[in-house]
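My notes follow the order in which I checked them.

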Amino acid sequence: MKKCTNTDLVLCSQCGEQLQADAFYYSKKRGRDRYCKQCRRKRSRKNYAAQAAENYERPRHYQVITEIADPVLRHALIKNALRIVAESCERKRKRLIDLEAV
Ligand SMILES: [Zn+2]
């Protein structure tokens with residue numbers, strides 16, 4: 001097999017341009033990317049935006065406290081969440097004090 005050098009031109013599967021090898025990302029695991037860096041960047045941005053939009057629209061299987069309409073229930077849940085976080089912080093603080101004492 002011919003060893004690839006930086007002077008070899010490589011065809012991008014997206015834009016169809018022949019570019020220098022250093023215009024392509026390379027990973028030890030996957031080898032040279034089939035798209036040039038410019039096309040890879042565009043594809044990645046597009047895919048990220050599409051995935052983010054899909055995740056935003058997907059129904060959640062959990063409640064989001066700030067989206068609860070009933071103010072009394074929302075307030076109770078926020079207070080409960082704050083209590084749980086405070087308890088967790090206190091447990092961590094005690095654990096750190098115990099570690100320092102050893
Ligand atoms: Zn390209």
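I count a residue as buried if 20 or more other C-beta atoms lie within 10 Å of its own, as exposed if 12 or fewer do, and as partly exposed in between, with C-beta atoms placed from the backbone. By that rule, 2% of the 102 residues in the protein are buried.

This is a predicted model: local features need pLDDT of at least 70, side-chain atom pairs count only at pLDDT 80 or more, and totals for chains, interfaces and linings use all residues. Numbering starts from 1 along each chain as its sequence is written.

Next I looked up secondary structure. I took helices (H or I, at least four residues) and strands (E, at least two) as DSSP runs, numbered from the N terminus. I found two helices and four strands. Their order along the sequence is β-β-β-β-α-α.

Then I checked helix α2, residues 71-101. Its expected span is 1.5 Å times one less than its number of residues. For 31 residues that gives 45 Å, and the end C-alpha atoms are 45 Å apart, so the two agree.

What is the radius of gyration of the protein? Over C-alpha atoms, I have 26 Å. A compact globule of 102 residues would be near 13 Å, by the rule of 2.2 Å times the number of residues to the power 0.38. The C-alpha box is roughly 65 × 50 × 20 Å along the principal axes.

Last, I looked up domains, with bounds from an automatic or database domain assignment. Domain 1 is 8-58 and domain 2 is 62-102. Their C-alpha centres lie 42 Å apart.
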